[in-house]
Amino acid sequence: MYRNLRVSVVIPCFNEEHGLRYVLEHMPAYVDEVVVVDNNSTDETARIGTEGGAHVIFEARKGYGCAYQAGLPAATGDIIATVDGDGTYPAQAIAGIIDAMLARKLDFVSASRFPLRNPLAMRRRNQLGNKVLTYAFRLLYLRWVADSQSGMWVFRRSCLQHIRPTHPGMAFSEEIKIEALQARALRFGEVHIDYHERIGETKLFTWRDGWLNLLFLFERRLGRVARFAPLSALAVEAEPHKVP
Ligand SMILES: Nc1nc2c(ncn2[C@@H]2O[C@H](COP(=O)(O)OP(=O)(O)O)[C@@H](O)[C@H]2O)c(=O)[nH]1
Ligand SMILES: [Mg+2]
């Protein structure tokens, strides 16, 4: 509990046995629930998650967006926060972000990594790709954002009734921000965070994912993306993962 609010953290994981252990060991005490989405991992991710006290659910459809579409509706807290399973996003920052959220009367906060305090935390070409995508985001959606690709969001669980991101892959990250920005009932804002070097291997294919994310920004703007039910309406069929 933090300020009388139950806090859930959702972590999408594809083969993150090393990073996930670190993330779970550094989870702040006020976090009430951790949902780990094991996205078809072939390593020890599920076991590390269970041993670390997380509720592990399994998602067979591969992709960052698929992992979140299973994980977000499974969270039960008043506040849902997201971090990667690689130690890059600081879970300790959640309290400060909730403070800012209450002070600024926001519903959905995206944690911005820019300006980067530690330039080594992100490879140069990823920094460049992020710049291009964020400029495209600003121009197409006419909203100034500092970081269109951040994977750390802190929001009221009730937001899930108003947003319906459906992308299966990495573009889910920009899509959820667009949804939150455009939902009339929600107030969107950004808060700066520290970003750290990754533990374990990246799951990002820089050129492919960068290109797909750029394409998605255009297609979504042109209304060429099918939109389905709000996330809260998704029935989660995911079974708790059985550790062999
Ligand atoms: N790229 C990718 N990431 C996934 C997938 N399923 C879960 N993830 C997790 O999503 C997070 C983001 O991936 P990451 O490699 O850290 O990308 P980056 O943060 O953009 O460098 C990590 O915690 C991954 O383990 C998937 O199918 N593809
Ligand atoms: Mg990451």
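The axes are lines fitted to C-alpha atoms, for helices over the stretch in contact, and the angles run from 0 to 180 degrees between N-to-C directions. Helices (H or I, at least four residues) and strands (E, at least two) are DSSP runs, numbered from the N terminus.

This is a predicted model; local features need pLDDT of at least 70, side-chain atom pairs count only at pLDDT 80 or more, and totals for chains, interfaces and linings use all residues. Residues are numbered from 1 along each chain as its sequence is written, while chains are lettered from A and ligands numbered from 1 in the order in which they are written.

Entry: H6 and H7.
I looked up helix H6 (residues 172-182) against H7 and found an angle of about 30°, with the axes 10 Å apart. H6 and H7 are therefore roughly parallel to each other. Glu174, Glu175 and Ile178 of H6 meet Asn213, Phe216, Leu217 and Arg220 of H7; contact here requires C-beta atoms, placed from the backbone, within 7 Å. These contact residues divide into three nonpolar, one polar and three charged. I count Ala, Val, Leu, Ile, Met, Phe, Trp, Tyr, Cys and Pro as nonpolar, Asp, Glu, Lys and Arg as charged, and the others, Gly among them, as polar.

Entry: H5 and H7.
The axes of H5 (residues 124-141) and H7 (residues 206-221) come within 10 Å and cross at roughly 0°. That makes H5 roughly parallel to H7. Among the residues making the contact are Leu133 and Phe137 of H5, and Leu214 and Phe218 of H7. I noted eight nonpolar, five polar and two charged residues in the contact of H5 with H7.

Entry: two single residues.
Is glutamate 179 buried or exposed? It is buried, with 22 other C-beta atoms within 10 Å; the cut-offs are 20 or more for buried, 12 or fewer for exposed, and partly exposed in between. Glutamate 179 lies in H6 and touches Ile163, Arg164 and Pro165, leaving out residues up to four places away in sequence. Leucine 20, in helix H1 (residues 17-25), also counts as buried, with 31 C-beta neighbours inside 10 Å.

Entry: ligand 1.
I found 18 residues around ligand 1, the closest being Phe14, Asn39, Asp84, Gly85 and Lys203; near means a C-beta atom, placed from the backbone, within 6 Å. Strand E1 (7-13) and helix H3 (64-71) each supply at least two residues of the shell. The shell divides into seven nonpolar, six polar and five charged residues.

Entry: backbone exceptions.
Most residues other than glycine have a negative phi, and most peptide bonds are trans. Phenylalanine 114 and proline 115 are joined by a cis peptide bond, with omega about 0°. Asparagine 40 has a positive phi of about 65° and is partly exposed, with 16 other C-beta atoms within 10 Å. Leucine 142 has a positive phi near 50°, sits in the loop between H5 and strand E6 (153-156), and is exposed, with 8 other C-beta atoms within 10 Å.

Definitions and conventions. Angles under 35 degrees count as roughly parallel, over 145 as roughly antiparallel, 65 to 115 as roughly perpendicular and the rest as oblique. Two residues are in contact if their C-beta atoms, placed from the backbone, lie within 7 Å.
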